[in-house]
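Let's walk through this structure together, one piece at a time. Have the sequence and the 3D view side by side as you read.

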Amino acid sequence: MTPTRKRRLIAVLLILAGVGIASTIAFYSLQENMLYFQSPSDLAQQPIPPGRQFRLGGLVKPGTVERQEGGLATQFVVTDGPKEVLVEYVGILPDLFREGQGVIARGSLDGTGLFAASEVLAKHDENYMPPEVADALKETGHVSYPKEDS
Amino acid sequence: MNTKTAKIAKPRKNALVMFIHKMGSPPWFYNFTGKFIPWLWLIFGVLAAWGLYLGLVKGPADYLQGESVRIIYLHVPAAWMSMLIYSTMAVMAFIALVWRIRIVEILAMTSAPIGAAFTIVTLTAGSLWGRPTWGTYWVWDARLTSELVLLFLYLGVIGLYNAIDEPRKAARAACLLSLVGAVNLPIIHYSVKWWNTLHQGSSISLLGGSSIDASILWPMLIVAVAAKFFYAANLLTRARVKLLEQDMRKGWVRDVLKEKN
């Protein structure tokens with residue numbers, strides 16, 4: 001390698017190292033703010049005051065979905081295993097919304113610990129399969145509930 | 001220029017090194033790639049048609065999402081390409097900056113519009129997929145945002161390259177930008193791991209296997225391979241045109257054009 005090329009190589013590597021270090025520092029300082037949603041456990045650890053908007057994410061606990069007669073209001077429990085939060089939402093739920101499904105709800109807590117959602121999004125998991133395979137999995141006991149690993 | 005020819009003349013160079021040196025010569029590159037570009041297009045066409053037929057016509061719907069899962073055959077291969085092309089561009093930019101090989105500069109710069117196109121396909125297809133499944137076209141979560149940043153990086157590279165008149169200076173500046181932008185690649189890839197996102201985690205890992213059923217996975221992989229051939233064919237076609245344009249007044253271009261007529 002000629003001296004000129006070596007000099008260029010070192011210069012380019014130095015720039016790369018600088019950018020790398022700068023972005024790592026930025027990454028560590030931003031980490032908290034980049035969270036798109038809070039889980040019920042996060043909420044239990046660091047309570048968010050009533051009235052402040054945030055996103056709550058978790059699974060819809062099976063057997064807890066209650067729809068209001070003749071209205072659009074729905075109540076369900078969002079859980080991440082150890083902790084759970086009761087959510088109320090008035091509006092049309094996404095097609096993928098069902099028991100056991102991952103959801104992200106935007107809204108705020110009222111004074112009683114009820115989470116009033118103004119928007120509910122369904123979170124899809126990384127499993128894709130035809131219906132027959134899903135049925136077969138269910139029969140053999142591998143329930144294909146979306147698992148939350150984040 | 002003199003040092004280069006002296007190097008080639010050295011007898012101890014092996015075949016691969018010789019080949020790389022030859023590819024650096026514009027007329028040799030032009031003629032060599034011209035021979036197999038039609039084949040790349042052909043393989044792309046066959047694979048894309050085969051994969052899309054298997055996926056869109058013969059393949060099953062998803063147990064949860066129904067028919068909208070078929071967007072996967074466009075979205076995932078395009079998303080992979082958007083990142084693969086960027087990494088290729090960054091590696092070529094590195095080579096171009098240190099060794100100043102003109103053909104590598106051209107290849108890096110002609111990669112940018114192709115990558116930008118794949119990024120637009122990724123974002124559009126993903127957005128149309130998000131509406132029926134998640135319930136929204138767009139959210140500002142880490143995965144979606146970092147992919148949008150990738151589009152802006154591509155546009156920045158294209159813009160910078162075209163803003164400077166002298167092509168070699170322009171390439172050098174844009175190569176540096178594309179190299180710096182490469183920090184975004186690990187962020188896109190790991191965004192679904194590092195942060196809570198609406199976008200789901202990776203379905204496929206090189207070592208851990210896949211959580212996509214084979215009937216959906218295989219057509220998708222075929223389309224993904226087809227996309228690589230599309231990139232190769234498109235890149236070489238563009239690079240040849242760029243070479244002709246830059247060397248308009250040089251002897252080898254005159255010879256090439258004479259041969260054609």
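**Strands and their partners**

Leu86(A) has Leu114(A), in strand 6 of chain A, as its bridge partner. Before going further, please note that this is a predicted model, in which local features need pLDDT of at least 70, side-chain atom pairs count only at pLDDT 80 or more, and totals for chains, interfaces and linings use all residues. Residues are numbered from 1 along each chain as its sequence is written, while chains are lettered from A and ligands numbered from 1 in the order in which they are written.

Strand 4 and strand 6 of chain A run parallel and are joined by four bridges. Strands here are DSSP runs of E with at least two residues, helices are runs of H or I with at least four, and both are numbered from the N terminus; strands pair if DSSP finds at least two bridges between them. Strand 6 of chain A also pairs with strand 5 (residues 102-109) of chain A, in the antiparallel sense, over eight bridges. Within strand 6 of chain A, Glu119(A) is the bridge partner of Arg106(A). Four residues lie between the strands of this hairpin, where Gly113(A) takes a positive phi near 95 degrees.

Now look across to chain B: 33 residues of chain A are in contact (C-beta atoms, placed from the backbone, within 7 Å) with 35 residues of chain B. Helix 1 (3-30) of chain A, strand 6 (114-123) of chain A and helix 3 of chain A each supply at least two residues of the side of chain A that touches chain B. Helix 1 of chain A gives the most, with nine residues.

Conventions:
Contact = placed C-beta atoms within 7 Å.
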